[in-house]
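Q: Could we go through this structure feature by feature, with the general idea first and the particular case after it?

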Amino acid sequence: MTALASHAAAPTGARSRLRRLADSERFLAWALLAPAVVFIVALVGFPFVLALLYSVTNVTVGTQSASFVGLAKFRQAMESPAFWGAVRNTFLFTLVSQALVIVLAGTLARLLMMEFRGKWFVRLLILLPWVAPISLGSIGWLWIFDSIYSVINWTLRHIGIFGPETWPIWLGQPTLAMASIITVHVWRMLPLAAIIMLAGFSGIPKDIHDAAAIDGAGFWRRELQIILPLVLPIVLVAVLFGIVFTATDMIVIFIITRGGPFDSTQVLASLAYYTGIDGGDLAEGAAISLFLFPLLVAIAYLMLRLARRTEVT
Amino acid sequence: MSEQKTRGVTRRTFVKAATAAGLAAGLGPFVIPRRAQAAKTLKILQWNHFVPGYDKWFNNTYIKEWGEKNDTQVIVDNVGLVTLNSRAAAEVSAQKGHDLFMFLWPPPVYEDQVIDHAEIYQECQRRYGKPIDLAVRSTYNPKTRKYYGFSDSYVPDPVNYRKDLWDDVGMAPDTWDDIREGGRKIKQKHKIPVGIGLSAEIDTGMAMRAIMYSHGSSVQDAEGNLVLNSPQTRECLKFVKALFEETMTPEVLAWDASSNNRMILAGKGSLVLNAISVTREAENKKMPIADQIWLAKAAKGPVRRIGLEHVMDVYTIWKFAANIEGAKKFLVDYIGNFRQGFLNSEFYNFPCFPSRVPDIKQLLAKDSKAKPANKYAVLTDVLDWATNVGYPGYANAAIDEVFSTWVLNTMFAKAATGATSPEEALSEAEAACKRIWAKWKEKKMI
């Protein structure tokens with residue numbers, strides 16, 4: 001009888017333990033955090049540690065074994081003019097893109113704060129470039145900039161801005177090619193920055209605007225001395241996000257220019273890929289990709305500090 | 001308890017449902033019964049062929065027939081050519097992947113990861129006769145004496161030109177000087193440029209090497225020593241600069257692997273170097289321009305008439321492949337059936353074992369789609385003017401890296417546009433080559 005009772009009680013006991021577990025705050029917190037932790041460790045932490053290890057070895061795509069070579073791969077990368085060109089291009093690409101993104105996102109956010117019909121639809125449209133896969137968007141832009149079928153050239157010619165002999169080769173001239181990839185990147189980053197800024201602008205209490213109006217503050221005074229200081233922490237978060245995304249991105253360049261013409265749009269991320277994967281020198285590719293790491297660590301530190309400053313206590 | 005309720009769903013229910021869904025997704029594939037399968041599996045990765053009919057035949061007919069005969073389920077994954085390198089690197093890194101991996105260029109950098117393919121060559125030679133020299137030079141490392149791949153076919157790279165435009169200026173593109181002069185005249189008269197790539201892509205790599213080899217220049221000599229810095233290379237740089245300035249537009253600096261086709265089929269180009277996918281696409285789509293696009297042999301330079309293969313099909317079998325024996329048998333059998341491959345690729349893939357298409361001359365001389373019917377006859381003696389990447393030596397790991405990182409493409413583009421002087425461009429390229437050579441010598445692969 002006792003044996004039978006304990007047998008019957010077993011499932012009930014297990015069920016109640018499961019029930020208690022499901023109600024436990026501590027368990028739930030870990031269960032919900034676990035996928036993010038696994039994701040970061042597997043897709044960010046592990047490759048990063050691997051890149052650190054690769055960069056001090058002579059590993060290639062075709063070998064599983066490697067010897068320790070110290071900083072030789074970093075020196076090797078720095079001997080190449082292509083590397084210094086990529087450093088210059090990375091800074092140019094990142095800084096110009098972000099400057100444009102911030103100005104345009106600020107303007108867009110202010111426009112989106114206005115009341116008008118179909119506002120939700122406009123917001124949805126603006127978010128699309130961020131939501132859609134970047135590779136798909138870049139392929140679309142590739143056709144927009146195509147040397148034969150460019151819709152920009154066709155339109156500008158048909159509305160009379162370009163003459164019959166004018167047909168810019170967007171991706172075939174270094175300056176235009178850089179302008180093209182910056183345009184695509186701005187198009188891609190604008191929605192996120194605009195939404196972040198919109199949150200910042202929306203967070204300013206209406207009382208402050210009213211007080212400024214009563215005190216007779218003009219447009220510039222209101223913008224520069226009241227609104228800007230209030231939204232600055234959030235704007236900086238948008239800038240820092242943008243810098244990290246832009247400096248480490250290679251998809252736009254990989255699809256649109258492949259670093260050309262003659263390396264004039266090559267950035268560190270794309271050079272690392274071409275050297276490591278296409279060229280087969282994984283070690284040098286890893287070394288190139290790590291050059292931005294100290295700078296990005298500093299930026300990440302700033303981000304965390306700013307995030308703490310913007311916390312509402 | 002009621003505090004934890006959110007619109008009727010308790011936290012407990014949510015955790016249970018999420019756990020159940022996770023378990024179902026994770027275990028489902030192992031639990032759900034599968035259909036009966038063949039005893040063995042053979043997985044192949046290869047590119048999306050430029051002639052779609054080839055993939056249709058290979059994927060839907062050939063592998064099914066072969067699979068039935070060999071009690072094997074054959075699975076083919078087709079990928080874009082630009083992703084081949086990253087897929088190969090991923091498979092090696094994971095030590096898992098396809099049984100047969102097809103590259104479109106020699107992949108000596110993976111030599112340590114692949115089996116010695118000598119046995120396949122030997123068996124094919126026993127059955128079908130000798131392979132062509134081009135195949136051997138694209139898959140054999142004389143330093144390690146290992147075949148790091150097996151080439152079933154190569155693709156000729158003729159000159160594709162607009163017959164009407166070239167007739168109009170009274171010329172034919174037979175030599176590189178003809179191309180420069182005729183191209184200039186056509187551009188002046190019709191505002192239609194020549195389209196030879198100067199970009200970071202495969203066609204440019206082939207075209208620039210064709211110019212170099214025909215001018216007596218090369219990256220390495222027959223023994224594999226670096227000889228890029230030579231008076232002949234300087235001449236080539238000057239020639240390409242003149243060719244670019246006189247006959248082309250900057251669009252060649254943004255070239256990709258399909259730009260050749262787009263340009264000439266849109267009627268916007270007088271001449272390109274490409275495989276016959278240009279003419280085949282025009283014929284298959286019944287484009288009026290098809291009859292005006294003619295083919296010529298690789299152009300003759302001051303030293304010789306020579307060009308590259310446009311694409312070198314190289315199958316490799318990883319050491320970690322699950323079905324090595326099946327992969328070997330597949331290749332040997334495929335060579336046996338290669339005539340079908342030649343026909344279904346519409347003459348795009350040429351045989352590395354010539355005996356398998358004994359009537360190739362007759363086929364090329366009379367094509368049902370071409371106008372004139374003998375348009376493709378110009379390819380009959382292709383082996384007299386097509387060579388391998390790495391000429392006059394073998395394709396090796398250093399040559400592969402120079403090719404894949406577009407060292408020569410960048411050198412020519414910089415010199416042609418005046419971004420640097422020809423001397424500076426050569427000096428930069430030579431420095432890059434020296435670094436690459438030193439690296440692979442240290443690894444004892446060259």
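Predicted model: local features only at pLDDT ≥ 70, side-chain atom pairs only at ≥ 80, totals over all residues.

Q: How many bridges join S3(B) to strand S12 of chain B, and in which direction do they run?

A: In general, strands of a sheet pair through backbone hydrogen bonds, either parallel or antiparallel. Here S3(B) and strand S12 (residues 311-316) of chain B run antiparallel and are joined by 3 bridges. Strand S1 (residues 40-47) of chain B, in contrast, pairs with S3(B) in the parallel sense, over 2 bridges, and B:Leu45 has B:Phe101 as its bridge partner in S3(B).

Q: Which way do the residues of strand S3 of chain B point, and are they buried or exposed?

A: The general idea is that in a regular strand the side chains alternate between the two faces of the sheet. In strand S3 (residues 100-103) of chain B, B:Leu100 and B:Met102 point one way, whereas B:Phe101 and B:Phe103 point the other way, and all of them are buried.

Q: What is the order of the strands in the open sheet of 6 strands?

A: The order is S2-S1-S3-S12-S6-S13 in chain B, and the pairing is mixed. Strand S2 (72-79) and strand S13 (350-351) of chain B stand at the edges with a single partner strand each, so one side of each has no neighbour in the sheet. Further inside the order, strand S6 (residues 150-155) of chain B runs antiparallel to S12(B), with 4 bridges between them, and B:Phe150 stands opposite B:Tyr315 in S12(B).

Q: What is the order of the open sheet of 4 strands, and which helix packs on that sheet?

A: This open sheet, also in chain B, has the order S8-S9-S7-S10 with mixed pairing. Its edge strands are strand S8 (194-195) and strand S10 (293-296) of chain B, each of which pairs on one side only. Helix H11 (residues 277-284) of chain B packs on the sheet, where it touches S7, S9 and S10 of chain B, and its direction makes about 155 degrees with that of S10(B). Within the sheet, strand S7 (residues 159-162) and strand S9 (residues 271-273) of chain B run antiparallel and are joined by 3 bridges, with B:Val272 in S9(B) as the bridge partner of B:Asn160.

Q: Into which domains is chain B divided, and how many residues of each are in contact with the other?

A: Chain B is divided into domain 1 (40-155 + 310-358) and domain 2 (159-308 + 383-442), and the C-alpha centres of these two domains lie 27 Å apart. The contact joins 22 residues of domain 1 of chain B with 22 residues of domain 2 of chain B. On the side of domain 1 that touches domain 2, helix H5 (133-137) and strand S4 (140-141) of chain B each supply at least two residues, and by class that side has 16 nonpolar, 4 polar and 2 charged residues.

Q: Which residues have the most contacts inside the largest nonpolar core?

A: The largest nonpolar core has 195 residues, and B:Val240 and B:Phe412 are those with the most contacts inside it. Helix H8 (residues 174-202) of chain A gives the most to this core, with 11 residues, while domain 1 and domain 2 of chain B each contribute at least three residues. If neighbours within four places in sequence are left aside, B:Phe412 is in contact with B:Leu198, B:Met208, B:Leu237 and B:Val240.

Q: How many residues does the contact take from chain A and from chain B?

A: The contact takes 30 residues from chain A and 36 residues from chain B. Of the side of chain A that touches chain B, the largest share, 4 residues, comes from H12(A), and by class that side has 11 nonpolar, 13 polar and 6 charged residues.

Note on methods. Residues numbered from 1 in each chain as written. Chains lettered and ligands numbered in written order. Pairing = 2+ DSSP bridges. Contact = placed C-beta atoms within 7 Å. Axes fitted to C-alpha atoms, helices over the stretch in contact; angles between N-to-C directions. Core = buried A, V, L, I, M, F, W, Y, C linked by C-beta atoms within 7 Å. Buried ≥ 20, exposed ≤ 12 C-beta atoms within 10 Å, placed from the backbone. Domains from an automatic or database assignment. Nonpolar A, V, L, I, M, F, W, Y, C, P; charged D, E, K, R; others polar.
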